[in-house]
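Below is a briefing on one protein chain, written for use beside the model. It starts with a covalent link and then takes up the metal site, the pocket and the helices.

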Amino acid sequence: MSRLLHLLVGFLAVAVVGGLLGWGAWGLCHQRDEARQARQAQTPLPPPITTETPISQPEPASPLRGVRILLDPGHSGGLVGATRQVPDGRGGFKDCNNSGTASNAGFPEHTFNWEVATRLKALLEDEGASVDLTRADDVSMGPCVDERGKMASGYDAAVSIHANGTPNPAVKGYFALVSSPALTPAQGEPSQTLARHLLTGLGYAGFSPSTAVAGQISYRADLAGLNFAECPTVMMELGEMRNGEEAALMQTPEGQQRYAEALADGLRRWASER
Ligand SMILES: [Zn+2]
């Protein structure tokens, strides 16, 4: 009997010791697993392999998006009926239109104006602006000056593009013309603000400010294209066609593009602050 009891006690002792050892071994393994998992968590993962192109940052929206702009390429290529008298907007009358000035080499202002206006239209439309021109081509008569002034309504801005023809070849540089005294609310400060931004654009592009017009803004009562305007409207004389340096620039596509880009920059500045 005592032998049986002895065996039983021995069995129980083995079971207890074995259980403790097993528990300890499991605990050790468990601790090792935790340590391995911790090491794995600290090991940086390799970068994922991807064949997709990187996501580029979207361009910020242009301030010109949705802006409605009227561009007037000054004068006309055709002159049928050009001397017909039309109202000037202040009780007087003037010719329907003319071909403008020309460089000493005979390059006509109306063509320079057309080239700059069409280039500017493309630049503005690229940035989401809605742009209309006052005339359809550079060969027909196009609307008279009073009609062009009346077109400047329902737009956010209107710009009439010109080059000047001061006979003195030493005179050079750009300037703006605005209607004064203002006949509509838009002809006052809104048009002067537009003028200042366009002048800034030309200055930043490296063109010369006018040596003849103080402050580069000419206040005029006699221009029908400005007197009928209901939206902010400016006439820009981009330079002097009798000045050899400026005429050379105006006659080349590269020069015309530079003028267009300067005006687009001015309109962008104006649109971002309005
Ligand atoms: Zn002109």
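The link of Cys 96 and Cys 144 is left-handed, with -90° about the S-S bond. Cys 96 sits in the loop between strand S3 (93-95) and H2, and Cys 144 in the loop between strand S4 (130-133) and H3, so the pair ties together parts that are 48 residues apart in sequence. The model is predicted: local features need pLDDT of at least 70 and side-chain atom pairs count only at pLDDT 80 or more, while totals for chains, interfaces and linings use all residues. Residues are numbered from 1 along each chain as its sequence is written, and side-chain values use heavy atoms, with hydrogens and water left out.

**Chain overview**

- The chain has seven helices and eight strands; helices (H or I, at least four residues) and strands (E, at least two) are DSSP runs, numbered from the N terminus.
- Of the 274 residues of the chain, 41% count as buried, where buried means under 20% relative accessible area, exposed over 50% and partly exposed in between (1.4 Å probe, protein chains only).
- Taking contacts (heavy atoms within 4.5 Å) between residues at least 6 apart in sequence, 80% join residues at least 24 apart.

**Disulfide and cysteines**

- A search of the whole structure finds one disulfide, defined as a pair of cysteine sulfur atoms within 2.5 Å.
- The disulfide joins Cys 96 to Cys 144, with an S to S distance of 2.1 Å.
- Cys 96 is buried, with a relative accessible area of 2%, and Cys 144 is buried with a relative accessible area of 2%.
- Cys 231 counts as buried, at 3% relative accessibility.

**Zinc site**

- The zinc ion has as protein donors His 75 (NE2), Glu 109 (OE) and His 162 (ND1), lying 2.1 to 2.2 Å from it.
- Donors are N, O and S atoms within 2.8 Å of the metal (3.2 Å for Na, K and Ca); water is not among the atoms, so sites may look incomplete.
- The spacing of the donor residues in sequence is H-x33-E-x52-H.
- His 75 lies in the loop between strand S1 (68-73) and strand S2 (85-87), and Glu 109 in helix H2 (residues 109-126), so the pair ties together parts that are 34 residues apart in sequence.
- Both His 75 and Glu 109 are buried.

**Largest pocket**

- The largest pocket has a volume of about 500 Å³.
- A pocket is, on a 1 Å grid over the protein atoms alone, an open set of points where a 1.4 Å probe fits, with protein on both sides within 12 Å along at least five of seven lines; lining residues have an atom within 4 Å of a point.
- Grid points are joined across faces, edges and corners, and the volume is the space filled by probe spheres set on the points.
- The lining of the largest pocket has 34 residues, of which His 75, Val 145, His 162, Leu 223 and Met 235 lie nearest its centre.
- S1, S3, H3, S5, S6, helix H5 (224-227) and S8 each supply at least two lining residues, and S5 gives the most, with six.

**Helix H3**

- Asp 146 belongs to helix H3 (residues 145-151) and is buried, with a relative accessible area of 7%.
- Leaving out residues up to four places away in sequence, Asp 146 touches Val 86, Pro 87, Ala 224 and Phe 228.

**Helix H4**

- Helix H4 (residues 189-204) has 16 residues and reaches 22 Å from its first C-alpha to its last, close to the 22 Å expected at 1.5 Å a residue; the expected span is 1.5 Å times one less than the number of residues.
- The buried residues of H4 include Leu 194, His 197 and Leu 198.
- The buried residues of H4 pack against strand S5 (157-164), strand S6 (175-179), strand S7 (217-220), strand S8 (233-240) and helix H7 (253-273).
- Gly 203 is in helix H4 and is partly exposed, with a relative accessible area of 33%.
- Gly 203 and Gly 266 are 63 residues apart in sequence and 9.4 Å apart in space, C-alpha to C-alpha.
- Just after H4, Gly 206 takes a positive phi of about 95°.

**Helix H7**

- The 21 residues of H7 should span 30 Å at 1.5 Å a residue, which agrees with the 31 Å between its end C-alpha atoms.
- Among the buried residues of H7 are Tyr 259, Asp 265, Gly 266 and Trp 270.
- The cover over the buried residues of H7 includes S1, H2, S5, H4, S8 and helix H6 (244-250).
- Gln 256 lies in helix H7 and is buried, with a relative accessible area of 4%.
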